[in-house]
Amino acid sequence: MGKTKIVVLQLKELIYTAIFIGLGILLLVLLVYMFYPKDEDGAATSANYKPGVYTSQLTLGESTLNIEVAVDQQHINSVSVTNLDESMSTMYPLISPSIENLESQLKKDVPVDDVVLTEDSRYTEILLLDGIKDCLSQATSGK
């Protein structure tokens, strides 16, 4: 007769092995999902701009502000208000800090729709963001 070998497997060891294999597969799927580039609808794609400096005008009372956005092909390089004089700064004191906050976030490649607005100057930042969006629409359409 042949020699029969009996293998004894503990049920506890089989369960632990199955759990670790399942966790390993879940981890791999999660890593692929997190680091795989997303399509046009996803947030991982960066915008394609026509490099240049684009301007937009905002009317505040009887004054006009020019918002200037400089972009290269993939990034926003600067956002500024070009004709902000002393009288305008006095009448609208939140413009300077608001534009600095928006610029710092946009230069870090935060999408325009995901910019975090401060509680103190929310409405000023919304107004400035409208002008920035106008400039970026010019940059993407190439006008």
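Predicted model: local features only at pLDDT ≥ 70, side-chain atom pairs only at ≥ 80, totals over all residues.
User: Which residues touch the most other members of the largest nonpolar core?

Analyst: The general idea is that in soluble globular proteins nonpolar side chains tend to be buried together. Here the largest nonpolar core holds 25 residues, and those touching the most other members are Val69, Val71, Ile76, Ile132 and Leu136. Two or more residues come from each of strand 1 (52-60), strand 2 (63-71), strand 3 (76-81), helix 3 (95-107) and helix 4 (122-141), with helix 4 giving the most, 6 residues.

User: Leaving aside its neighbours within four places in sequence, what is Val71 in contact with?

Analyst: With those neighbours set aside, the contacts of Val71 include Tyr49, Lys50, Pro51, Gly52 and Tyr54, and also Ile76, Asn77, Leu136 and Ala139.

User: What span should the 20 residues of helix 4 have, and which of its residues are buried?

Analyst: At 1.5 Å a residue, helix 4 should span 28 Å, and its end C-alpha atoms are 28 Å apart, which agrees. Its buried residues are Glu125, Leu128, Leu129, Gly131, Ile132, Cys135, Leu136, Gln138 and Ala139, and what covers them includes strand 1, strand 2, strand 3 and helix 3.

User: How many salt bridges does the structure hold?

Analyst: Side chains of opposite charge can pair when their charged atoms come close. The structure holds 2 salt bridges. One of them joins Lys133 to Asp113, with the closest N and O atoms 3.5 Å apart, and this pair links distant parts of the chain, since Lys133 is in helix 4 while Asp113 is in the loop between helix 3 and helix 4, 20 residues apart. Lys133 counts as partly exposed because its relative accessibility is 37%, whereas Asp113, at 66%, counts as exposed. In another salt bridge, the side chains of Arg122 and Glu119 meet at 3.1 Å, N to O; Arg122 counts as partly exposed at 27% relative accessibility, and Glu119 as exposed at 64%.

Conventions:
Residues numbered from 1 in each chain as written. Heavy atoms only, no water. Core = buried A, V, L, I, M, F, W, Y, C linked by side-chain atoms within 4.5 Å. Buried < 20%, exposed > 50% of the residue type's maximum accessible area, 1.4 Å probe, protein only. Helix = DSSP H or I, 4+ residues; strand = E, 2+ residues; numbered from the N terminus. Contact = heavy atoms within 4.5 Å. Expected span 1.5 Å × (residues − 1). Salt bridge = Lys/Arg side-chain N within 4 Å of Asp/Glu carboxyl O.
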